[in-house]
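We will go from the whole chain to single residues, one stop at a time.

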Amino acid sequence: MEYFWLFGFVLSLVLICGLATLVWYNLNRTLTDSPDALVFFQKGDNAGDLAAMLKAGGWFSHNWQLQMLVTLVRLEKIDIRLKAGEYSLAGRSVRDLLDAMVKGDVYQRFFTLVPGWRWSDLCTALKQLNTFEHTLGQCLPLKPPPRESLNLRLPFVEGAFYPDTYAYTRGDKDLVILDAAHSKMLQVLDELWNKRAAGLPFDTPEDALIVASIIEKETGLDADRPMIAAALVNRLRIRMRLQVDPTVIFGLGQAFDGDLTRRHLRTPGPYNTYLNPGLPPSPIAFPGYLSIAAALQPASSNVFFF
């Protein structure tokens, strides 16, 4: 009889150790190495919802594993400390994931604003992403919203955002990107304006930004930008019409079908630099750093054509 109880005790001990090992393994094993493996824990979600997400993604396959997770969260009383957000599972265990959720170590997404884009391109790109909270009800690609509605410090929407890559987290408002890009444009423009060459025909930094946008649309070659800037600046100095196609194309809007004709060049409009002297009323694109730098530090040359 004593051997029977001893055998039962040893068997129970083995089972308990085996169960503990199994639980430890499932809590500490790497869930996945896939960089695309994400969970989105929203406000109001709880440990049960998190367990269901892990099962739905195929990272947990048995109900006892889900119950283990729920029990752990409740025992450690971290349920109310789990912060809402999107979290990466790549290289993480359940324990790592819970630690990240308590700290709010959310997954960083990135949005790239490309040099040469216009408001229509930016608006379209933002609207296509379902990871933003879309607050720009007036985000119409062909009709920029009033600058006041975006809290802009520049007198125009077109050209007011700096091309760069910006970090955001899922659920952020679309204005997060616009605010960051506008602040960066102001910073870069101020920095380069303070280093500008002497004698430029610009009354304000905004004038330089308009010229930079023309440079951006005229070439994709960095080496060409200073010489194009020199030609544009020289024309402005002698009040020669700029006569550049990109401004005419911008002014045509949807009417432009890809073929710029002489009729287009003779069509009156505020952006027709073949007919109007001086600068157009606003930038025609979002210029990058090198285009802004070229406008404010053009090549030393007497060229008028490029």
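Here is a short tour, with something to select at each stop.

**Before you start**

This is a predicted model, in which local features need pLDDT of at least 70 and side-chain atom pairs count only at pLDDT 80 or more, while totals for chains, interfaces and linings use all residues. Residues are numbered from 1 along each chain as its sequence is written, and side-chain values use heavy atoms, leaving out hydrogens and water.

**The whole chain**

Colour by secondary structure and you will find 11 helices and 4 strands (DSSP runs numbered from the N terminus: helices are H or I with at least four residues, strands E with at least two). Of the 306 residues, 41% are buried; buried means under 20% relative accessible area, exposed over 50%, and partly exposed in between, with a 1.4 Å probe and protein chains only. Among contacts (heavy atoms within 4.5 Å) with a separation of 6 or more, 67% join residues 24 or more positions apart.

**The largest core**

Now select Phe 111, Trp 119, Leu 122, Phe 161, Phe 202 and Ile 292, the residues with the most contacts inside the largest nonpolar core, which has 52 residues. Such a core is a set of buried Ala, Val, Leu, Ile, Met, Phe, Trp, Tyr and Cys residues joined through side-chain atoms within 4.5 Å. Elements giving two or more residues to this core include α5 (119-128), α6 (175-193) and α11 (289-296). The most come from α6, with 9 residues.

Zoom in on Phe 202. Setting aside residues up to four places away in sequence, Phe 202 touches Trp 193, Asp 207, Ala 208, Val 211, Val 233, Leu 236, Ala 295 and Leu 296. For a second, separate core of 24 residues, select Leu 54, Val 70, Leu 72 and Tyr 87, which are among its members.

Next, select residues 245-252, helix α9; its buried residues are Pro 246, Thr 247, Val 248, Phe 250 and Leu 252. They pack against α7 and α10 (262-265). Just after α9 comes Gly 253, with a positive phi of about 60°.

Which residues line the largest pocket? Show Arg 118, Trp 119, Ser 120, Pro 141, Leu 142, Pro 144, Glu 158, Ile 249, Phe 250, Gly 253, Gln 254 and Phe 256. On a 1 Å grid over the protein atoms alone, a pocket is an open set of points where a 1.4 Å probe fits, with protein on both sides within 12 Å along at least five of seven lines; lining residues have an atom within 4 Å of a point. Both α5 and α9 give two or more residues to the lining. The pocket's volume is about 270 Å³, the space filled by probe spheres set on the points, which are joined across faces, edges and corners.

**Ala 230**

Move to Ala 230 in helix α8. Ala 230 is buried, with a relative accessible area of 3%. Leaving out neighbours within four places in sequence, its contacts are Pro 298, Ala 299, Ser 301 and Val 303.

**Two loop residues**

Finish with Asn 151, in the loop between α5 and β4. Its phi is near 55°, a positive value in a residue other than glycine, and Asn 151 is exposed at 63% relative accessibility. Then pick Gln 243, in the loop between α8 and α9. Phi of Gln 243 is also positive, near 50°, and this residue is partly exposed at 35%.
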